[in-house]
Amino acid sequence: MEQVNDKIHWLNQLQSVLASGQLLVSPSEMVAYESDALGYKSYKPDAVAIPANIDELTALIEEVKRINIPWVVRGAGTSLSGGPVAAQNGLVIHLSSLKSIEEVNPEDKYVVVQSGVTLKQLNRQLESYDLYYPPDPSSELACTLGGNVACNSGGSHCFRYGVTSNYVLGVEAILANGSVVRFGGPAGGRGNWKADWKRLFIGSEGTLGVFTRFWLRVVPKPEKVWTFRASFSHFGQAVEAINQLVSHHSFPSAIEFMDPRSVNMVENSPMSAGIPKDSYLILTEIDGPTLLVDSRVDSVVGLLKACGSVDVAFSDDPEKRSQLWKARKVMGGLMGQVSPNFLVQDAVIPKKHLKQALRFIYEISDAHNIRVATILHAGDGNLHPNLLFDSKKPEECDAVEQISKELMRFVIDHDGTLSGEHGIGNDKSHYTSAYFGKTGKDLQLSIAYIFNPTHRLNPLKIFPERRFGEKHIPPQTN
């Protein structure tokens with residue numbers, strides 16, 4: 001009874017600082033916050049707070065600090081690594097109300113945005129300035145910039161334009177101790193806010209502080225874009241096309257790959273895009289000044305045909321370009337229709353190992369009787385095998401976990417990394433020790449100790465040792 005009364009007491013304390021916001025406590029209200037887009041793993045929070053503005057968020061965090069409970073920050077919940085979930089219960093703070101675009105500066109090419117602004121919202125606002133923000137994860141319609149910065153998101157066009165970290169000039173955050181800090185600004189690491197600690201915060205997955213606003217670099221929209229879609233009968237042909245595109249003088253902005261299992265899934269559905277079944281698909285784009293880009297079209301088509309494609313389609317018309325992208329864009333929604341659950345895994349492998357990696361993915365998934373369809377951000381070797389399964393069957397959940405474990409071991413052994421853009425969360429936290437080794441792990445945990453010593457903020461993420469209430473003492477050095 002004492003524990004129940006304690007909870008009622010701290011809930012009343014939280015409610016007292018949410019003058020305009022909301023505090024959700026009933027199970028029916030909180031069910032949507034029990035998981036992210038990973039889906040099949042769920043964790044029940046004790047409450048969900050939705051502050052109405054940054055001032056209310058700051059007051060809320062001060063109160064949470066006094067109560068001493070674990071808490072996690074959440075954006076749109078589109079993440080795929082089990083990041084913004086209450087792994088040790090406690091409070092989920094939803095930043096959906098922090099959605100103001102505070103400034104667009106077309107002269108200096110930057111914007112100031114709050115962390116709950118969605119990627120689509122920002123680019124829609126930038127259209128009238130003929131500007132755009134390049135990082136483009138597949139969840140761009142819903143994902144928030146806070147989540148993008150937290151996971152250092154990439155997307156289809158990161159091969160040329162880079163990932164989120166290439167565009168963050170400054171961050172404002174609330175630390176676990178309640179203090180508000182700002183690192184960088186319109187001039188990046190220069191000016192009145194010279195400290196460049198923002199580099200530690202980008203990709204920290206909500207373990208070091210709560211993002212409130214960002215200063216982001218934006219760029220002019222390209223004058224002309226050409227999209228190319230090519231299918232290949234053999235994987236070796238597709239790999240050769242990828243390798244040649246990477247070093248081609250047209251400097252592609254995107255190089256995407258779909259395996260035959262992905263292509264067949266699309267072509268056997270109502271979302272058919274007219275692609276030859278059992279083929280390997282490559283989508284690539286070039287952009288820039290009209291005269292320059294138009295002059296490169298024939299050489300890209302010639303490259304794709306020389307590598308073995310007999311089905312090359314290409315266009316500079318926006319509507320036709322959208323159709324060329326159709327197969328790639330419908331994959332996510334389609335998997336939700338053909339399987340009760342799916343796990344989109346995420347790792348990066350050197351391109352010289354792509355053929356071996358794809359073969360390995362097929363072998364281990366087939367060995368465990370799990371269907372898999374693989375897509376790649378091929379230009380930078382970002383693997384996205386989609387594992388289809390039923391979470392109501394324990395043996396299939398176990399098989400998916402084992403496949404992920406074996407894949408991460410393969411990636412580590414072949415000089416890859418555990419994540420290209422989805423983050424580590426708690427889905428891949430058990431592989432980080434093998435990746436970093438003891439020295440690397442101690443350094444990582446020492447950074448967390450500086451900002452979040454008792455792991456109150458987003459516990460059990462990135463490293464399983466990050467458990468609320470347990471301190472990681474940095475190792476002594478001479």
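The legends below describe several close-up views of one predicted model. Residues are numbered from 1 along each chain as its sequence is written, and side-chain values use heavy atoms, with hydrogens and water left out. Local features need pLDDT of at least 70 and side-chain atom pairs count only at pLDDT 80 or more, whereas totals for chains, interfaces and linings use all residues.

**View 1. Asp-390 sits in the loop between strand 19 (382-389) and helix 15 (394-413).** Helices (H or I, at least four residues) and strands (E, at least two) are DSSP runs, numbered from the N terminus. Asp-390 is buried but has no salt bridge, and the nearest side chain of opposite charge, that of Lys-393, is 4.6 Å away. Buried means under 20% relative accessible area, exposed means over 50%, and partly exposed lies in between, as judged with a 1.4 Å probe on protein chains only. A salt bridge is a side-chain nitrogen of Lys or Arg within 4 Å of a carboxyl oxygen of Asp or Glu; for charge, Lys and Arg count as positive and Asp and Glu as negative, while His and the chain ends are not counted. The side chain of Asp-390 does reach the backbone nitrogen of Lys-392, at 3.0 Å. Apart from neighbours within four places in sequence, Asp-390 is in contact (heavy atoms within 4.5 Å) with Pro-340, Asn-341, Glu-396 and Cys-397.

**View 2. Helix 13 (residues 326-338) carries a kink of about 45 degrees, centred on Gly-332.** The bend at a residue is the angle between axes fitted to the seven residues ending there and the seven starting there. At 1.5 Å a residue, the 13 residues of helix 13 should span 18 Å, and the 17 Å between its end C-alpha atoms agrees with this; the expected span is 1.5 Å times one less than the number of residues. The buried residues of helix 13 are Ala-327, Arg-328, Val-330, Met-331, Leu-334 and Met-335, and they pack against several elements, including helix 9 (260-267), strand 14 (280-288) and strand 19.

**View 3. Helix 14 (residues 354-367) is followed by Asn-369, whose phi is positive, near 60 degrees.** The 14 residues of helix 14 reach 20 Å from first C-alpha to last, close to the 20 Å expected at 1.5 Å a residue. Among the buried residues of helix 14 are Leu-354, Phe-360, Tyr-362 and Ser-365.

**View 4. Val-113 lies in strand 6 (residues 110-114).** Val-113 has a relative accessible area of 0% and is therefore buried. Leaving aside neighbours within four places in sequence, the contacts of Val-113 include Ser-100, Leu-122, Leu-145 and Phe-214. The C-alpha atoms of Val-113 and Leu-98, 15 residues apart along the chain, are separated by 8.9 Å.

**View 5. Lys-109 and Asp-130 are loop residues with positive phi.** Most residues other than glycine have a negative phi. Lys-109, in the loop between strand 5 (101-105) and strand 6, has a phi near 60 degrees and is partly exposed, with a relative accessible area of 30%. Asp-130, in the loop between helix 4 and strand 7 (131-132), also has a phi near 60 degrees and is partly exposed, with a relative accessible area of 47%.

Methods
Polar contact = N/O pair within 3.5 Å; in protein donor to acceptor, adjacent residues only side chain to side chain.
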